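Please read this briefing alongside the sequence and the model, and look up each residue as it is mentioned. The points are grouped by topic so that each part of the chain can be followed in turn.

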Amino acid sequence: MNTKKIFVTKPSLAPLSEFLPYLEKIWESGTITNGGPMHEDLEDRLCDYLGVEHISLFCNGTIALVTALQSLRITGEVITTPYSFVATAHSLLWNGIKPIFVDVDPKTLNIDYRKIEAAISPQTTAILGVHCYGNPCEVKEIQSIADVYNLKVIYDAAHAFNVKKNGQSILQYGDLSVLSFHATKVFNTFEGGAIISPNKKTKQRIDYLKNFGFANETTVVAPGINGKMSEINSAFGLLQLQKIDALINRREQIDKIYRKLLKNINGIKLFENEMGVSGNYSYFPILVEDGFFRTRDELYDHLKKYEIFSRRYFYPLISEFPMYKGLPSSAQSNLPNATKASREILCLPIYPELSDDEINFICKSIIST
């Protein structure tokens, strides 16, 4: 029996001794929020690291999603996926927008671009895709549809920090991409988020919106919100950014160990890493199919007995929650692939501090009786 609890993920925390100098600088400057020097430095450094031109930091990813929709003046209906964290669809409701769910591709669990066109109506104004588990959506195909119907494209890129496809940042696709820097993410600022903008004008509007709509001391140009990132969160981000490559490299090692130990187990399906994609290994999902000797939920409970806390991520589907299940597009018959995946998916623990011995223990526990 394992005596140490193993969670699906945990934040990578730098030693307090490394963080204290940042705190001292904040105290000395007297600036703890409102776009201080740490905030500005983090924006610049993230642009360089991610290969993007404009980024706006936020207090969290949900407020960033809400603001992204506002900045593009999205209304009416937005086509999106039911297979995501609930904040994706909640951001639509907060803006008075009706989500229209379409099914996912069973190979990627991303929105199936082949289903989008049939869901477009005269009220459709945008497509909101999710790079699920950091796997890129079919961005070119989605953009082609958007161009034909004059739709905006927003990506919930909460899982896609530093993901590249054929050498290009996946964050450069669509009209806007939204990141989450929550404590459980590959790169985190305790709590935080960001919007990637294609140009300076769009970034300026977003920056107004995240600060109550203030353009200057006396001028409010939009009904904005308080979405600013504090100096303390920015400072932690600067510290994390120094270590991010090593953290991602360790995640890749863990991914490889899992694949070696879990291959060829009847009823356990692993997702293939897409060719040409440089991922961040943010999650390690498996599908527990009919051929396995336990159901997904039985395996989930079984692992708990060994102090291993996996996650059924995403279950239930967004479309099954009370505020969405009455929508015609939420019918299970409309979402067979997403429904099946939500009943079979299990995300195993993956974080840089996870030891090889712990990975072996997890894999042995999966097949133990």
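Predicted model: local features only at pLDDT ≥ 70, side-chain atom pairs only at ≥ 80, totals over all residues.

**Helix 3 and its ends**

- At the start of helix 3, a side-chain oxygen of Asn60 comes to within 3.1 Å of the backbone nitrogen of Thr62.
- Just after helix 3, the backbone at Arg73 takes a positive phi of about 55°.

**Strands 3 and 4**

- Strand 3, made of residues 77–80, is covered on both faces, with Glu77 and Ile79 buried on one side and Val78 and Thr80 buried on the other.
- Strand 3 pairs with strand 4 (residues 98–101) in the parallel sense, over 4 bridges, and within this pairing the bridge partner of Thr80 is Phe101 in strand 4.

**Strand 9 and its two partners**

- Strand 6 (residues 152–156) pairs with strand 9 in the parallel sense over 3 bridges, and the bridge partner of Ile154 is Leu176 in strand 9.
- Strand 10 pairs with strand 9 in the antiparallel sense over 4 bridges, with Val178 standing opposite Ile195 in strand 10.

- An open sheet of 3 strands has the order 8-7-12, and its pairing is antiparallel.
- Strand 8 (168–169) and strand 12 (277–278) stand at the edges of this sheet with a single partner strand each, so one side of each is left without a neighbour in the sheet.
- Strand 7 (residues 164–165) is joined to strand 8 by 2 bridges, the two strands running antiparallel, and Lys164 has Ser169 in strand 8 as its bridge partner.

**Salt bridges**

- Glu43 forms a salt bridge with Lys210, in which the closest N and O atoms are 3.9 Å apart.
- Glu43 lies in helix 2 (residues 37–50) and Lys210 in the loop between helix 7 (200–209) and helix 8 (231–262), so this pair ties together parts that are 167 residues apart in sequence.
- Both Glu43 and Lys210 are buried.
- Arg250 forms a salt bridge with Asp356, with 2.9 Å between the closest N and O atoms.
- This second pair links distant parts of the chain, since Arg250 is in helix 8 and Asp356 is in helix 11 (residues 356–367), 106 residues apart.
- Arg250 is buried, with a relative accessible area of 16%, whereas Asp356 counts as partly exposed at 37% relative accessibility.
- Lys256 forms a salt bridge with Glu252, the closest N and O atoms being 3.8 Å apart.
- Because Lys256 and Glu252 are 4 residues apart in helix 8, they are separated by about one helical turn.
- Lys256 is exposed, with a relative accessible area of 53%, while Glu252 counts as partly exposed at 26% relative accessibility.
- Salt bridges that share partners also join Glu43, Lys203, Asp207 and Lys210 into one network.

**Cysteines**

- A disulfide is a covalent bond between the sulfur atoms of two cysteines.
- The sulfur of Cys59 is 19 Å from the closest cysteine sulfur, that of Cys47, which is too far for a bond.
- Cys363 is in no disulfide either, and the nearest cysteine sulfur, in Cys347, is 14 Å away.
- Cys59 is partly exposed, with a relative accessible area of 24%, whereas Cys363 counts as buried at 5% relative accessibility.

- Leu13, Trp27, Phe190 and Ile232 make a nonpolar surface patch of about 430 Å².
- Among these residues, Phe190 sits in the loop between strand 9 (176–180) and strand 10 (193–197), and it counts as partly exposed at 31% relative accessibility.

Notes:
Residues numbered from 1 in each chain as written. Heavy atoms only, no water. Patch = residues over 30% accessible without salt bridge, like charges linked within 9 Å, V, L, I, M, F, W, Y side chains within 5 Å. Areas by Shrake-Rupley, 256 points an atom, 1.4 Å probe, with all protein chains shown as cover. Salt bridge = Lys/Arg side-chain N within 4 Å of Asp/Glu carboxyl O. Buried < 20%, exposed > 50% of the residue type's maximum accessible area, 1.4 Å probe, protein only. Polar contact = N/O pair within 3.5 Å; in protein donor to acceptor, adjacent residues only side chain to side chain. Pairing = 2+ DSSP bridges. Disulfide = S-S within 2.5 Å.
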